[in-house]
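Work through the exercises below with the sequence and the coordinates open. Each task is followed by a solution in steps.

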Amino acid sequence: ARALPSSPMAALFRRSCTLTLRSIASMRSKHTLPDLPYDYDALEPAISTEIMRLHHSKHHATYVNNLNVAEEKLAEAVAKNDVETEISLQPALKFNGGGHINHTIFWTNLCSSGSTDPQGDLLEAINRDFGSLENLKTALSAKTVAVQGSGWGWLGYNRTGERLELAACANQDPLEPTTGLVPLLGIDVWEHAYYLQYKNVRPDYVNAIWSVVDWANVAERFAAARAN
């Protein structure tokens, strides 16, 4: 990594920068695990209580903790002008940051009994871009089930084309930075999201999740995406 010249003044300046960055990092709010808008058993029988508890309190929490650690290391690397370390931290930032972003959306996309079917502008857009709600469900289910390994299936909004589109992202790659689509509805197909209940039958899990989709939340996201 490129270092500052090794003079007493340079060393003092470097130490000052390091302490300043550490101070800023410690003062700024760290990422925290969001509370669920429902109890762990609220999505039964579509998603079991055990899965929800582990998924939220263990898996999502790990992404949050690791993201905070990576950001602290990044602040130290920037203070030291350690470009190599800054670059080496990018995968951890992407993976854990994406995991935090994706799950934060996912929890709000779901509700205890599922909301009523989409209505208004969202329903009009679905009918225009997919032909019907059932066509959307079929297409997104197929794309999500087909994800190789771990990843996510998404319904997103293309601001440029002003239309709804489907996408699949590997691992914890976040939708908007990866594809440019604004995330509206995500389906997590990492095995920790369903294996304890559905074993290796991913299609059954994906089919079941439609019963707890909060279309009101999806509609709110759609309205916000169009407004911005």
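**Exercise 1: the strand pair**

In this predicted model, tyrosine 157 has leucine 164 of E2 as its bridge partner.

Task: Determine in which sense strands E1 and E2 pair, and over how many bridges.

Solution. Step 1: take E1 as residues 151-158 and E2 as residues 163-170. Step 2: the two strands pair in the antiparallel sense, over eight bridges. Step 3: four residues lie between the strands of this hairpin, and glutamate 162 has a positive phi near 55°.

**Exercise 2: histidine 55**

Task: Classify histidine 55 as buried or exposed, and find which side chain it joins in a polar contact of 2.9 Å.

Solution. Step 1: locate histidine 55 in helix H2, which covers residues 49-79. Step 2: its relative accessible area is 2%. Buried means under 20%, so histidine 55 is buried. Step 3: the 2.9 Å polar contact is with the side chain of histidine 103. Step 4: beyond four places in sequence, histidine 55 touches several residues, among them Phe106, Trp107, Asp188 and His192.

**Exercise 3: serine 57**

Solution. Step 4: with neighbours within four places in sequence left aside, the contacts of serine 57 are Leu33, Tyr40 and Met52.

Technical notes. Residues numbered from 1 in each chain as written. Predicted model: local features only at pLDDT ≥ 70, side-chain atom pairs only at ≥ 80, totals over all residues. Heavy atoms only, no water. Buried < 20%, exposed > 50% of the residue type's maximum accessible area, 1.4 Å probe, protein only. Polar contact = N/O pair within 3.5 Å; in protein donor to acceptor, adjacent residues only side chain to side chain. Contact = heavy atoms within 4.5 Å. Pairing = 2+ DSSP bridges.
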